[in-house]
Amino acid sequence: MKEILSGNEAIARGAFEAGVKVASAYPGTPSTEILENIIRYKEIDASWAPNEKVSLDIGIGASFGGGRAIVAMKHVGVNVAADPLFTLSYTGVNGGLVLVTADDPEMHSSQNEQDNRNYAKFVKVPMLEPADSQECKDFTRLAFEISEKYDTPVMLRTTTRISHSKSIVELGEPVQGLPEPKLVRNAAKLVMLPGNARVRHPLVEERIKKLGEYGVSLDINRMEMRGNEIGIITSGVPYQYVREILPDASTLKLGMIYPLPIRLIKDFASRVKKLFVVEELDPFIEEQVRAAGITVVGKDLLPICGELTPGRIREAFAKAGIVGAIHESPLQMENLPGRPPNMCPGCPHRGVFYALNQLKAYVTGDIGCYTLGFMPPLSAMDTCICMGASIGNAIGVVKVVAEEEKKKVVAVIGDSTFLHTGINGLMDMVYNNVPATVIILDNRITAMTGRQENPASGFTLMDNPASRIDIPDLCRAMGVRNVRTIDPYDLAATKNAIQVEMNRPEPSVIITDRPCVLVKREGVFKKGPVLSVSEEKCTGCRTCLKIGCPALVWKPVEGKKGKASIDYLLCTGCDVCRQLCKFEAIERNK
Amino acid sequence: MSRAITNILLVGVGGQGILLASEILSETFMLAGFDVKKSEIHGMSQRGGSVVSHVRYGSEVFSPIVPEGEGDILFGFEMLETCRYLSLLKKGGSVIANDLCIPPPAVLSGKEQYPEGLAESIKSRFPDFLLVDGLKLANEAGNPRTANTVLLGAVSKRLDIPEEYWLKAIEKLVPPKAFAVNTKAFLAGRNL
């Protein structure tokens with residue numbers, strides 16, 4: 001049977017066909033839909049973990065228990081899971097274990113574009129890289145076979161263009177006859193004390209050598225000869241672009257990108273006059289090919305930053321005189337207003353950032369929709385590094401700046417991000433008595449990645465009711481003496497609460513308690529009475545526009561001052577703009 | 001068919017339903033026996049940002065994204081976004097756009113103006129330009145939420161794919177309750 005599947009859907013299908021027992025992940029673009037689709041297969045125990053390290057720990061446990069396990073995360077998530085990953089390389093597996101790393105070249109939805117192929121080399125584990133959805137499914141199955149055959153975790157690397165592109169997939173039948181999981185003790189292999197680990201390390205080195213040899217005859221490393229002028233080593237989505245732009249070039253398409261099949265590469269190099277590597281981001285393949293003594297051109301020609309596109313590859317090879325130049329399009333229209341992403345109408349974060357802007361706070365930010373608080377007109381974010389960093393960053397700033405400036409420092413973090421890794425920062429703040437203010441924007445969902453449940457939302461990935469972590473109680477239990485919950489739709493109270501806590505020379509936590517407007521579960525988000533602007537009363541002062549709500553529209557009037565108006569289809573009745581208007585021009589419609 | 005691959009770009013604002021429209025296109029092409037690939041970006045841009053989805057079909061498709069300057073059809077859900085992506089089209093490509101303006105943040109706040117005369121600018125660059133009042137036709141079909149389907153109908157006319165595959169794809173991808181009204185909307189666009 002054939003279906004059109006995204007790369008992520010195909011990985012989920014591959015996991016099902018491979019007989020996976022356990023799937024765990026923390027949501028992160030572009031990996032999120034893997035777990036969201038795995039729940040179609042009731043045979044798999046699938047769940048959201050609080051962070052990527054926990055999800056890998058769970059995967060490791062499932063593997064040790066004898067079941068096949070898949071864990072999925074975005075590229076930066078692997079940084080969080082790196083600690084268990086490096087040691088897992090030493091222990092190896094029992095049931096097969098596959099870690100999906102979904103990289104984001106071009107940073108469509110990420111804070112950096114690290115190339116996680118480097119992890120495979122660093123951790124010394126094999127890595128497969130599919131080039132379309134069919135390969136996403138097939139490679140996922142193969143990854144489990146390799147994992148068990150070579151006693152190693154296997155990394156499966158996708159990029160945004162693979163995860164979120166759809167193509168036709170021929171479905172297969174699930175594997176049969178996998179051993180039943182059961183407790184088997186093997187402490188020498190699984191207890192990584194120095195004495196045991198010293199025994200394991202040489203096995204890791206031996207394993208990677210064997211895998212390099214295995215790769216030479218592995219059919220997913222495929223030589224496609226079309227002539228002997230130009231040869232291109234490539235993998236992943238760049239392979240597709242190469243086929244498009246250089247249809248006559250011979251290709252060595254690598255499905256296993258670590259360890260590299262050096263003998264195969266030498267063979268391919270010997271068959272072509274000019275050898276290139278076309279790869280996104282780092283010269284990962286190129287450097288290893290060169291280290292093997294093969295002359296090759298790569299990053300001298302192609303960009304190291306951003307994703308490759310057919311156009312960028314054409315441009316590079318046009319410069320080298322190998323293909324014609326890109327089609328010039330004189331048809332582009334210039335100077336169009338941009339359309340950056342924006343918080344939704346009624347977003348509970350808006351009032352908080354407006355208040356922070358008014359109070360001239362120095363805001364250490366975090367990862368979530370609220371990072372959009374950086375954008376004008378709210379313009380109230382000063383730092384954003386990674387998941388959970390805001391609180392530690394605030395502590396560090398407070399430690400060095402002058403007494404008067406300490407009061408300005410506020411960390412802002414969402415519920416899911418707080419539970420991910422922010423909680424450890426708060427421990428430090430309490431433990432070391434650092435007088436910063438933390439605002440936890442609890443909108444009861446992991447919003448940015450598309451509304452996933454989390455330990456404070458009250459539901460699981462499978463949509464079952466779950467014990468809900470009470471964030472205020474959690475903060476109190478950690479020893480925060482000043483914990484208060486506010487309604488972020490009440491602007492005056494919000495501003496006042498933030499101001500009081502900023503001035504307090506002690507650690508304090510403010511929690512906002514309005515849900516995300518996009519939460520679909522009934523009874524969570526409630527729309528208020530829609531607002532409208534009285535044309536008579538509106539003086540055109542533009543104060544209401546300072547909150548940047550998409551429902552508030554400026555209507556220019558010919559020859560006169562313009563007026564504000566409200567798009568009644570977009571307005572959710574949050575009431576924040578009404579509180580800003582000094583002329584009572586914004587009214588609640590009954 | 002004169003060309004091996006047909007390239008379609010769907011552009012608009014996050015939240016407008018571009019994803020569903022591109023799903024219906026892809027499903028139709030697969031049902032008609034073609035190789036299909038499509039690509040779009042999820043995540044941050046969904047929060048009201050500019051969105052572009054690529055759909056390609058033919059006997060064998062490699063790249064999931066349309067090479068710059070090789071688009072055959074630009075399917076625009078909003079006027080400003082339609083203009084933003086014109087450079088992805090080949091010379092002589094077709095533009096089918098919904099006559100809808102959604103002001104971006106800088107226009108909402110009065111810092112910039114929504115550009116005027118966009119339809120004329122498009123027409124001067126791409127003579128094969130069809131401006132569709134999606135909302136009006138959707139209302140006539142019986143549901144204002146079927147504007148995208150009206151547009152899809154208009155796009156379908158530019159492609160040599162039998163009607164039955166379009167309707168099958170719509171049936172598969174819209175909720176059963178909405179199938180009848182979507183069929184009506186699709187045909188309204190197809191018969192423009």
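1. The two chains meet in an interface in which 47 residues of chain B are in contact with 48 residues of chain A; this, like everything below, is read from a predicted model. On the side of chain B that touches chain A, at least two residues each are supplied by helix H1 (18–31), strand E2 (35–40), helix H2 (79–84), strand E5 (89–98), helix H3 (105–108) and helix H4 (118–125) of chain B. The most is given by E2(B), with six residues, and by class this side of chain B has 20 nonpolar, 15 polar and twelve charged residues.

2. The largest nonpolar core holds 169 residues, and those that touch the most other members are Ala15(A), Ala23(A), Ala25(A), Val410(A) and Leu552(A). Helix H6 (residues 133–149) of chain A provides the largest share of this core, with six residues. Apart from it lies another core, of 58 residues, which includes Ile96(B), Ile102(B), Leu151(B) and Ala185(B).

3. Leu552(A) deserves a separate look. When its neighbours within four places in sequence are left aside, Leu552(A) is in contact with Cys544(A), Leu545(A), Ala564(A), Ile566(A) and Cys577(A), and also with Leu108(B) of the other chain.

4. Two helix pairs of chain A can be described in some detail. In the pair formed by helix H3 (residues 52–64) and helix H4 (residues 75–91) of chain A, the axes are 7 Å apart and the packing angle is about 30°; H3(A) and H4(A) are therefore roughly parallel to each other, and their crossing is right-handed. H3(A) contributes Glu52(A), Lys53(A), Leu56(A), Asp57(A) and Ile60(A) to the contact, while H4(A) contributes Gly77(A), Val78(A), Val80(A), Ala81(A), Asp83(A), Pro84(A), Leu85(A) and Leu88(A). By class, the contact of H3(A) with H4(A) has eight nonpolar, one polar and four charged residues.

5. The second pair consists of helix H10 (residues 237–245) and helix H13 (residues 310–319) of chain A, whose axes come within 9 Å and cross at roughly 55°, which makes H10(A) oblique to H13(A). H10(A) passes H13(A) in a right-handed crossing. Tyr241(A), Val242(A), Glu244(A) and Ile245(A) of H10(A) make the contact with Pro310(A), Ile313(A), Arg314(A) and Phe317(A) of H13(A), so that, by class, this contact has six nonpolar, no polar and two charged residues, with proline counted as nonpolar.

6. One joins Thr29(A) and Pro30(A), with omega about 10°, and Pro30(A) lies in the loop between strand E2 (22–25) and helix H2 (33–38) of chain A. Another joins Tyr258(A) and Pro259(A), with omega about -10°, and Pro259(A) lies in the loop between strand E12 (256–258) and helix H11 (262–271) of chain A.

7. Positive phi values in residues other than glycine are a further point of backbone geometry. Lys124(A), which is not a glycine, has a positive phi of about 70° and is found in the loop between helix H5 (117–123) and strand E6 (127–128) of chain A. Because 19 C-beta neighbours lie inside 10 Å, Lys124(A) counts as partly exposed.

8. Leu281(A) also has a positive phi, near 65°, and lies in the loop between strand E13 (274–278) and helix H12 (284–291) of chain A. With 22 other C-beta atoms within 10 Å, Leu281(A) is buried, because a residue counts as buried at 20 or more.

Technical notes:
Residues are numbered from 1 along each chain as its sequence is written. Chains are lettered from A and ligands numbered from 1 in the order in which they are written. This is a predicted model: local features need pLDDT of at least 70, side-chain atom pairs count only at pLDDT 80 or more; totals for chains, interfaces and linings use all residues. A nonpolar core is a set of buried Ala, Val, Leu, Ile, Met, Phe, Trp, Tyr and Cys residues joined through C-beta atoms within 7 Å. A residue is buried if 20 or more other C-beta atoms lie within 10 Å of its own, exposed if 12 or fewer, and partly exposed in between; C-beta atoms are placed from the backbone. Helices (H or I, at least four residues) and strands (E, at least two) are DSSP runs, numbered from the N terminus. Two residues are in contact if their C-beta atoms, placed from the backbone, lie within 7 Å. Axes are lines fitted to C-alpha atoms, for helices over the stretch in contact, and angles run from 0 to 180 degrees between N-to-C directions. Angles under 35 degrees count as roughly parallel, over 145 as roughly antiparallel, 65 to 115 as roughly perpendicular and the rest as oblique. A crossing is left-handed if the near helix is turned anticlockwise from the far one by less than a right angle, and right-handed if clockwise.
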